[in-house]
Amino acid sequence: MSFETFNFHPSVMAGVRALGYVTPTPIQLQCIPPVMKGRDLIGIAQTGTGKTAAFALPILQHLLQGPRGKVRVLVISPTRELAEQTCEAFNDLGQQTRLRSVAVYGGVSMSQQLRQLRNGAEIVVACPGRLLDHLWGGSIDPSHIEILVIDEADRMFDMGFQPAIRSILQCLLKPHQTLLFSATMPEDIRRLVKDIQHDPVTVQIGHSVPAVTVSHTLYPVEQNRKTALLIELLRNTETESVLVFTRTKHGAERLARNLGETGFNVTSLQGNMAQNKRQAALDGFRTGSYKIMVATDIAARGIDVLRISHVINYDMPDSIDAYTHRIGRTGRVDQTGDAFSFVTSNDGDLVRDLERVLNVKLERRTVKGFNNAAPAVKREFSRSPRSTRWQPARSSQRRKAVMVNHRISSPQMASNPS
Ligand code: AMP
């Protein structure tokens, strides 16, 4: 199956080619035809499955017909980073279409957004709060909206945006096509879908479980030894880009400072940072000038950096869902990745849930000098004489951790050159 089957306009196909996409991902195969027919759609999919192009491509195709310079598509995103990334995807895929998209989010001045909107755009990708400011202030006219996309709905609801979403929906009076994407479908999202969608097609890719092509390893450790363990692992593991998660903003800042002082090339991303600093951190991480990024959950939402080889949970997240999203930052599309999780004796419940959902006993790795009394199948690790990598005593088990292929029979995909 190739992109030719969708009969996209040559200007849309030019974007597909420019990004080096050869084969549609499963979610693209299932979403693009109904969206092109104008159907409402629920996409239940993890990040990293190619879901942005699954809605962006048929939207670009749709917008080629009809008026220019009016906001006809609204995409609601939970975070600024995801809004920027989605806007970039529209720009990259639509580079030959002359369609314009604007990202709209808080924490930056209104003036640039107002200027871009006045210059005319057909697509607005927005975070809920700032979008409401524009809708109420009259700088975005909702009367021409033909397609509404609610992206990462579960995350948006987790972040408390449900009332804002409802207010946005009240501004959209004209009938429109609604596409909703979510990794999970909790009850409040089902209710929303019932209220706003008409006979939607449901597309489900995999389950809401962690995974893709990621191997999961637990490192039992005492709380106050985590930084030392992290440094040990970073020094002795072959990695490309590494994303480290902490529970708190201050924790992220402190850890990044510590790693920096130890000589690592590191940046951080957390909600207290000004937007320009966040963007600079993200750009530096994406281009590889920073090899390590320490981030909190919300800040890291939607980060799309292809070369992340390792996600390290310095602090365990508070739910399986959050774990799924974190490790979705590695193993994107056709790549593999490793998820290392530092577990203390307080993390027993989450580890048990994780093993139940994955239906496997996760590998516990003990680095000499860093083990604690966590309930674990301990395997001693030693440094191989020939390599600087930490390897298990029986190296054939190295990658046996968990390889759960949730991407369904993933077709051959060209890697994204960006
Ligand atoms: P997403 O799930 O939309 O965040 O996409 C994850 C990554 O996959 C992004 O870097 C996309 O550019 C890339 N991607 C999306 N569709 C394809 C495709 N058909 N072939 C190769 N890469 C893709």
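This is a predicted model: local features need pLDDT of at least 70, side-chain atom pairs count only at pLDDT 80 or more; totals for chains, interfaces and linings use all residues.
Biologist: What makes up the protein, in helices and strands?
Modeller: The protein has 15 helices and 16 strands. Of its 418 residues, 57% are buried. Among contacts with a separation of 6 or more, 75% join residues 24 or more positions apart.

Biologist: How do you know that the span of helix 3 agrees with its number of residues?
Modeller: Helix 3 covers residues 51-63. At 1.5 Å a residue, its 13 residues should span 18 Å. The end C-alpha atoms are 19 Å apart, which agrees.

Biologist: What makes helix 3 and helix 4 oblique to each other?
Modeller: They pack at an angle of about 50°, with axes 10 Å apart. Roughly parallel needs under 35 degrees, and roughly perpendicular runs from 65 to 115. The pair is therefore oblique. The crossing of helix 3 and helix 4 is right-handed.

Biologist: Which residues of helix 3 and helix 4 make the contact?
Modeller: Helix 3 brings Thr52, Ala53, Phe55, Ala56, Leu57, Ile59 and Leu60. Helix 4 brings Thr86, Ala89, Phe90 and Leu93. By class, nine are nonpolar, two are polar and none is charged.

Biologist: Which residues does Gln61 touch, beyond those up to four places away in sequence?
Modeller: Gln61 sits in helix 3. It touches Asn7, Phe8, His9, Val12 and Met36. Gln61 and Val12 are 49 residues apart in sequence, yet their C-alpha atoms are 6.6 Å apart in space.

Biologist: Asn7 is on that list. Why is Asn7 called exposed?
Modeller: Exposed means over 50% relative accessible area. Asn7 has 63% relative accessibility, so Asn7 counts as exposed. Asn7 lies in the segment before helix 1 (10-18).

Biologist: What is the phi of Asn7?
Modeller: It is positive, about 55°, although Asn7 is not a glycine. Most residues other than glycine have a negative phi.

Biologist: Where is Asp199, and what is its phi?
Modeller: Asp199 is in the loop between helix 9 (187-196) and strand 7 (201-204). Its phi is near 45°, a positive value in a residue other than glycine.

Biologist: Why is helix 5 called oblique to helix 6?
Modeller: Helix 5 (residues 110-119) packs against helix 6 (residues 128-137) at about 60°, with axes 12 Å apart. Roughly perpendicular starts at 65 degrees and roughly parallel needs under 35. That makes helix 5 oblique to helix 6. Helix 5 passes helix 6 in a right-handed crossing.

Biologist: Which residues meet where helix 5 and helix 6 are in contact?
Modeller: Met110, Gln113, Leu114 and Leu117 in helix 5 meet Arg130, Asp133 and His134 in helix 6. This contact has three nonpolar, two polar and two charged residues.

Biologist: How do you know that the span of helix 12 agrees with its number of residues?
Modeller: Helix 12 (residues 275-287) has 13 residues, which should span 18 Å at 1.5 Å a residue. Its end C-alpha atoms are 18 Å apart, which agrees. Its buried residues include Gln275, Arg278, Leu282 and Phe285.

Biologist: What follows helix 12?
Modeller: Gly288 follows helix 12, with a positive phi near 95°.

Terms used:
Residues are numbered from 1 along each chain as its sequence is written. Side-chain values use heavy atoms; hydrogens and water are left out. Axes are lines fitted to C-alpha atoms, for helices over the stretch in contact, and angles run from 0 to 180 degrees between N-to-C directions. Helices (H or I, at least four residues) and strands (E, at least two) are DSSP runs, numbered from the N terminus. Angles under 35 degrees count as roughly parallel, over 145 as roughly antiparallel, 65 to 115 as roughly perpendicular and the rest as oblique. A crossing is left-handed if the near helix is turned anticlockwise from the far one by less than a right angle, and right-handed if clockwise. Contact means heavy atoms within 4.5 Å. Ala, Val, Leu, Ile, Met, Phe, Trp, Tyr, Cys and Pro count as nonpolar, Asp, Glu, Lys and Arg as charged, and the others, Gly among them, as polar. Buried means under 20% relative accessible area, exposed over 50%, partly exposed in between (1.4 Å probe, protein chains only). The expected span of a helix is 1.5 Å times one less than its number of residues.
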